[in-house]
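Here is a short briefing for a reader new to this structure. Look through the sequence and the model first, then read on.

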Amino acid sequence: MSSQMKSRWIGFGVAAAAGLAILVLPPLRVLPRPAQYVVAISAFTVLLWAFQVMNNGVASVLMMALMILAGIRVPLVLGGFASPQFWILLCVLFYGFAMQRTGLARRLAYYILSLFPATYRGILSAFFVIGLVLALGIPSMTVRTAIIVPIAWALVQSLELAPRSRGAALIMISAIEMAVVPGCAFLYGSLFGPVVDSLFQSKQLALSWLSYAQVLAFPTLLLCVLLIAVNPLVLRPESRLEVSSAFAKRELHALGAIKRDELITAAVVLVSIAYWATDRIHYLPGFLIGMLGLAVFTMFGIVGDKDIGTGVSWTLMLFLGGIFSLANVVQEYKMTDLLTSYAVPVVKQLTFRPVAFFLVLAVAMLLLRFLDPSGFIAISVLFLPIVDVASTAGIRPLLVVAPLLLASVPFWVSYQNIWIAMGEGITEGQAFSAGQRARLASAYALIAAVTLVIAVGYWNMVGVL
C-alpha cells in the first residue's frame, strides 16, 4: 500500500472516530437527536476534507447520503442545489471560464501590470488591481489564482529571483493574497458571497449588492492596501529591484489586438455588474442575468457543448451544493442552539464594545479554519447563533459577516488555504518556504485585526454601526 493510500485510510479512521464519538455522547438536551446526528456527520465530513481522504465533491455527496440515512428530509438535504445561490455560482463560474478562454483575463492582467513601476510595492499594487478587476467577472478565487500565479511566477523568473528567496516569496504569496482577498469587497466577487447570501436567506434577512459593498468594500480594500505596505517589511527582499517593466508589455504585445470574443465577454460582464448593482430597482433574482449571460456565451461559441462538462469544476459545485444544504439543515434543526448557550452570554457583554466584539469573531474564525479547510462551515457556525443577539444590540447582520470574511483566509498551514496550496503546486514548491509562508500568515492575521479596528470608525462615520 502506498504512503498516500495509508495517509488516506488514517485520515478516514480519524474522521470516523470523531463522528462516532459525537454519536455515542449522551443526548444533548439543547439539541434534538437528529441535530446531534448532523453534528457527527459534519465533523466526520470536515475531517475528510482536512485529510484529503477523497475528492471534496464526493465527500460532500457522502455527507448528504449519511444525513438522509439519519432521517433528515430529502428535500432539505438536497435543497442547496435548488437554491438561488447555487445557480448564481454555477452561471458566474462560466463567466470566469469565458474570461480565461477568450484571453480577456490575461490581457487585463498584463495591461494593469504594465502600468505600475517595477518595484516590489509597485508589482504588489499591480496584482491588487488585477485581483480587484478580475473579481468583478470571476467570483472563483481558484480561477483567479490559476490566472495570477503563473503570471507572477513568470515575472519572478524574468526578474531572475532565486527560488525561495525572500523576494520571490514576497511576490508569490502576496500575489495569491491579491487573487483571493479583493473579491470579498463585492457580494458575488468571491465564493464566500453566495454562502453569505444563503445564510441571509435562511434567516430571512434582506441583502443587496450595494448594502454589502457599503459595509465590506472599504475594510476589504484597506486590508489589501495594508498587506501591500506591511508584507515587504515582514519579508524584506534581499535587494531592491532595478529592472524595467518590459516583461508585461512584451506579453501584452504577444496577445495581439483585442478579439471579438473578448469584447462580447467584457460586455456580458459589465451588463451583469450593472444588473447586480441595481437590484433594489428591478428586484429580479441575481441568478437571472447569469443564465442569460451563459446563453450569450453559448450562442457566440465562447462556451461550447463540451465546455458545459469541463468549463467549471463540478467537484466544487458538488462541494458547495452540499454546503448550502448544510446551512439549511443547521437552521432547520436549530443546531446552533448549543453554541448559542455558550456564546450568547459572552456576546451580550461584547456587543456594547464593538471593537472587542469584532476582534473576538475574527479570532474565532482564524481558529475554526484549522478544522474547516473551506471556511464555508466556519462562517455558518459563527454567524447563525450570534446574528440575532447582535441585531438586538444594534449591530447589523452584515457587520457580523465582516470579521468572518476579513479573517477567512489564513495560511499558517497549507491545508487551511487551498489557494496557497495551488501556488505551491503550480511552482513545484519553489516559490516560498514553510517559514516564509508562516511569517506572512501571521502578518495577515494581525493586519486583519488592525483593519477591523479602523473599520469600526468607518462604520460609525457612514451610519451603519
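A residue counts as buried when its relative accessible area is under 20%. The model described here is predicted.

**Helix H10**
- Of the 11 residues of H10, 10 are buried, so the rest of the structure largely encloses this helix.
- The buried residues are Phe192, Gly193, Pro194, Val195, Val196, Asp197, Ser198, Leu199, Phe200 and Ser202.
- They pack against H20 and against helices H5 (84-102), H8 (141-158), H17 (314-332), H21 (397-406) and H22 (418-426).
- Gln204 follows H10 and has a positive phi, near 55°.

**Ser380, in helix H20**
- Ser380 sits in helix H20, which covers residues 376-392.
- Ser380 counts as buried because its relative accessibility is 6%, and the limit is under 20%.
- Beyond its neighbours within four places in sequence, Ser380 contacts Val195, Leu199, Ala327 and Pro385.
- Two of these partners, Val195 and Leu199, are also among the buried residues of H10.

- Leu187 lies in the loop that links helix H9 (166-180) to helix H10 (192-202).
- Leu187 is buried, because its relative accessible area is 2%.
- Its contacts, apart from residues up to four places away in sequence, are Gly193, Pro194, Leu207, Ser208, Trp209 and Tyr212.
- Leu187 and Asp197 are 10 residues apart along the chain, and their C-alpha atoms are separated by 8.1 Å.

**Thr220, in helix H11**
- Thr220 belongs to helix H11 (residues 209-234).
- With a relative accessibility of 0%, Thr220 counts as buried.
- Setting aside neighbours within four places in sequence, Thr220 contacts Val181, Pro182, Cys184, Ala185 and Leu406.

**The largest nonpolar core**
- How many residues make up the largest nonpolar core? There are 164, and Phe127 and Trp459 have the most contacts inside this core.
- Helix H23 (residues 434-462) gives the largest share of this core, with 12 residues.
- Trp459 touches Val215, Pro219, Phe358, Leu399, Ala402, Leu452, Val464 and Leu465, leaving out residues up to four places away in sequence.
- In soluble globular proteins, nonpolar side chains tend to be buried together.

Conventions. Residues numbered from 1 in each chain as written. Predicted model: local features only at pLDDT ≥ 70, side-chain atom pairs only at ≥ 80, totals over all residues. Heavy atoms only, no water. Helix = DSSP H or I, 4+ residues; strand = E, 2+ residues; numbered from the N terminus. Buried < 20%, exposed > 50% of the residue type's maximum accessible area, 1.4 Å probe, protein only. Contact = heavy atoms within 4.5 Å. Core = buried A, V, L, I, M, F, W, Y, C linked by side-chain atoms within 4.5 Å.
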